[in-house]
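Hi,

Here is the structure I promised to pass on. Have a look at it first, and my notes follow below.

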Amino acid sequence: MHSWPIPAVPSVAGTPVPLALYDTADGGVRVVDTRGNADGEVGMYVCGITPYDSTHLGHAATYLTFDLVYRQLFANGHKVHYVQNITDVDDPLFERAERDGIDWRELGTSQIDLFRSDMEILSVIPPRDYIGAMEAVDEVVDMVQTLLDKGIAYSLIDDTSGATDIYAPITATEQFGYESNLDRATMEKFFAERGGDPDRDGKRDPLDALLWRGHREGEPAWDAPFGAGRPGWHIECSAIATNRLGTTFSIQGGGSDLAFPHHEFSAAHAEATYDVDRMAGHYVHTGMIALDGVKMSKSLGNLVFVHKLSEQGHDPAAIRLAVFSGHYREDRDFSYDILDEAEARLSRWREALSEEVSEGEAMGVVDKLRAALADDLDTVTALKTIDDATGDHNGIIAGALDGLLGVQLR
């Protein structure tokens, strides 16, 4: 599946600073391992959308965060292999399509197109590999078969349909639970809330995760040696990531609501398949975005959509600044007042653009900017650094803002 056009990313002056990020598994900030794969590339996998609704600002904040990660690595001279999935076959997509009286494939295509457009508007660097779940079915089948052959996965027959479902036990790896560090009670709560089936009869443990859903009437299905069906959610990402980045890679990312169960299980499935202790060197998660103090949700109807903001005439650079005005790991608020402040800030910066600033002074500002962003993407300090500059910004600073933050002054 194609992604979207690559924005121009200028080279950044100044001295590279190794990027340090907070790792959910280790519970602290540490430097990202950039030794890379056999090709010398830093692998980054970010979970993509389930295309049943438009890109709201919460989605955008996540992808803008990992755009910052990409930009810091690129500015430090690293090659990045960025992979993102699209869960283009899943229950929420079917349910929304049925509600709206539209074919689920047509709905998915329309929302993927809109997502691409939103990312292009925001100057987000696209993944090299943008892979739909349907494209990766054969990869999932191979992984499930491996887990069955190793005696790890097990089958359950659905009493109603007679379909054969395949599950992975939480005992598949000794280290299960290391990624999210949650206690059992919290795992059970989130598993029930976030797509799990803890009450399924016959499971060895309520937390065991679905690898393969056997075919039910009216649902799409693909052939497999263990019975026709479709991929489970977590193993979809396991297969897509490891088949492109290797059995271990540098960064797996997404929203904080994915830490459990999704990232815990996608890591566990890969680790059990390939006999590795840790799928990703860093597990990086972004906070949730609220609107005027209230969590954004479809049920409340308070979602802010990127394409709507663009249609209203808001500068994409200002949208980026509004998101970057808070730290990426914090659950934080968005309001039109915050967007107004971001647009005012952008206007001040553009008015201050001048070629009269000395190169030495500009380099000092860029080095401070680099240091702030290398420190777990401290955008709050980074923006203040530009605010506190002497009053004029020259081309060196403008290039750094574009290269590191994706904010264009020209």
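To read what comes next, take a salt bridge as a side-chain nitrogen of Lys or Arg within 4 Å of a carboxyl oxygen of Asp or Glu. Please keep in mind that this is a predicted model.

**Charged pairs**

By that criterion the structure holds 28 salt bridges. One of them joins the side chains of Arg35 and Asp33, with N and O 2.6 Å apart. Arg35 is exposed, at 71% relative accessible area, while Asp33 is partly exposed, at 33%.

Arg99 and Asp100 form another salt bridge, and their closest N and O atoms lie 2.7 Å from each other. Here Arg99 counts as exposed, with 59% relative accessibility, and Asp100 as partly exposed, with 41%.

What about Arg230 and Glu219: are they buried or exposed? Both residues are buried, and their side chains meet in a salt bridge of 3.3 Å, N to O. This pair links distant parts of the chain: Arg230 sits in strand E9 (residues 229-231), and Glu219, 11 residues away, belongs to the loop between strand E8 (209-214) and E9.

There is also a network of salt bridges, and it links Asp23, Asp26, Arg30 and Arg278.

**Helix H7**

Helix H7 covers residues 259-274. At 1.5 Å a residue, its 16 residues should span 22 Å, and the C-alpha atoms at its ends are 21 Å apart, which agrees. Of these 16 residues, 15 are buried, so the helix is largely enclosed by the rest of the structure. Just after H7 comes Asp275, which has a positive phi of about 55 degrees.

**Nonpolar cores**

In soluble globular proteins, nonpolar side chains tend to be buried together. In this model, the largest nonpolar core has 74 residues. Leu21, Leu57, Val69, Phe334, Leu369 and Leu405 are those with the most contacts inside it. Helix H1 (residues 57-75) supplies the largest share of this core, 11 residues.

Which residues does Val69 touch, leaving out those up to four places away in sequence? They are Leu19, Leu21, Met44, Ile251 and Leu377. Apart from this core lies another one, of 18 residues, including Ile131, Cys237, Leu245 and Ala280.

Happy to go through any of this with you.

Best wishes

Notes. Residues are numbered from 1 along each chain as its sequence is written. This is a predicted model: local features need pLDDT of at least 70, side-chain atom pairs count only at pLDDT 80 or more; totals for chains, interfaces and linings use all residues. Side-chain values use heavy atoms; hydrogens and water are left out. Buried means under 20% relative accessible area, exposed over 50%, partly exposed in between (1.4 Å probe, protein chains only). Helices (H or I, at least four residues) and strands (E, at least two) are DSSP runs, numbered from the N terminus. The expected span of a helix is 1.5 Å times one less than its number of residues. A nonpolar core is a set of buried Ala, Val, Leu, Ile, Met, Phe, Trp, Tyr and Cys residues joined through side-chain atoms within 4.5 Å. Contact means heavy atoms within 4.5 Å.
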